Amino acid sequence: MKLRTKLTLVINAILIISILVVASVSIYQFRQAFKQNISEYRAEAIETTLSQLKDIVNIAYSMIDNSYQLSSPDAIRRRLKLEIRDTNFQSIMFISVNMMKITLSNLRILRFGVDGYLWINEFDSPYKVIMHGSKPEMEGKSHVFYIEGTNNNVYEAFHDTIVAGSGSGRVTYDWYKPGTNEKIPKISWVRLYEPLGWVIGTGVYIDH
């Protein structure tokens, strides 16, 4: 083989190797930048979602607090400016007894987004469920659902998050998606309503 031919082959080989190295580095950098962009986008999307979840929980909190403040006949008289008469006493008592029940019924049927609903459970053990928008059969009972890969009960995690977050916070776990028996990753926001010792929560599934 002639020297010129050998040099040409060597030069071509070096060029090919150089191109491959440059291409590999470029692809690697692109992948790293893509991963970073995806990570940043996901973080921003989660923060936006959490802000929306907070708003929904805060609305429920206000509704519950309003009902709690109106839970006595005297409070109803003052708020509604009703006169004390025998003719309206029964009506006042009916409103007083059923105020919170009516509020919980409204929160139970509240829906938002694709699968959004609210729930309320006791802050302290045994964490009895007060209201559940997706599974009303859970109400009045205590349940144990462990977070995937841990020995932590979801309801205990709510409790610990609220303590650590001074009254509210974010919890991520797997839960049954409405209409299925499949557990799906879910991000939730919970807040304590201290006068009743209730945890108000809602969340969204993050399977897509």
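What does the accessible surface of the protein chain come to, and what percentage of it belongs to carbon and sulfur atoms? The area is about 13300 Å², and carbon and sulfur atoms hold 57% of it. Keep in mind that this is a predicted model.

The protein chain has 208 residues, and 33% of them are buried. Its secondary structure comes to four helices and five strands. Along the sequence the order is α-α-α-β-β-α-β-β-β. Contacts also reach along the chain. Take those between residues at least 6 apart in sequence: 50% of them join residues at least 24 apart.

Turn to α4, which spans 154-164. Which of its residues are buried? They are V154, Y155, A157, F158, H159, T161 and I162. An α-helix has 3.6 residues a turn, so residues three or four places apart point the same way.

With a threshold of 30 Å³ or more, the count is one cavity. The volume of the largest cavity is about 60 Å³. Its lining consists of Y117, W119, H132, V154, Y155, F158, Y173, W175 and K186. Two elements give two or more residues each to this lining: α4 and β3 (168-176). The largest share, three residues, is from α4. By residue class, the lining holds seven nonpolar residues, one polar and one charged.

Which of its residues form the covered face, and which the uncovered one? G169, V171, Y173 and W175 make up the covered face. S168, R170, T172, D174 and Y176 make up the uncovered face. Two residues of the covered face, Y173 and W175, are also in the cavity lining. β3 runs antiparallel to β4, and nine bridges join the two strands. Within this pairing, W175 stands opposite I184 of β4. The hairpin of β3 and β4 has six residues between the strands. One of its residues, G179, takes a positive phi near 85°.

Other backbone features sit in loops. Go to the one between β1 and β2, where P126 is placed. The peptide bond joining S125 and P126 is cis, with omega about 15°. Y127 is found in this loop too. Its phi is positive, near 60°, and Y127 is not a glycine. Is Y127 buried or exposed? Y127 counts as buried because its relative accessible area is 11%, under the 20% cut-off.

S166 lies in the loop between α4 and β3, just after α4. Its relative accessibility is 72%, so S166 counts as exposed. The cut-off for that class is over 50%.

Finish in the segment after β5 (198-205), where I206 lies. I206 has a relative accessible area of 28%, so this residue is partly exposed. I206 and P185 are 21 residues apart along the chain. Their C-alpha atoms are separated by 5.7 Å.

Note on methods. Residues are numbered from 1 along each chain as its sequence is written. This is a predicted model: local features need pLDDT of at least 70, side-chain atom pairs count only at pLDDT 80 or more; totals for chains, interfaces and linings use all residues. Side-chain values use heavy atoms; hydrogens and water are left out. On a 1 Å grid over the protein atoms alone, a cavity is a set of points where a 1.4 Å probe fits but cannot get out, and a pocket is an open set with protein on both sides within 12 Å along at least five of seven lines; lining residues have an atom within 4 Å of a point. Grid points are joined across faces, edges and corners, and a volume is the space filled by probe spheres set on the points. Ala, Val, Leu, Ile, Met, Phe, Trp, Tyr, Cys and Pro count as nonpolar, Asp, Glu, Lys and Arg as charged, and the others, Gly among them, as polar. Buried means under 20% relative accessible area, exposed over 50%, partly exposed in between (1.4 Å probe, protein chains only). Contact means heavy atoms within 4.5 Å. Accessible areas come from the Shrake-Rupley method with a 1.4 Å probe; for residues, only the protein chains shown count as cover. Two strands pair if DSSP finds at least two bridges between them.
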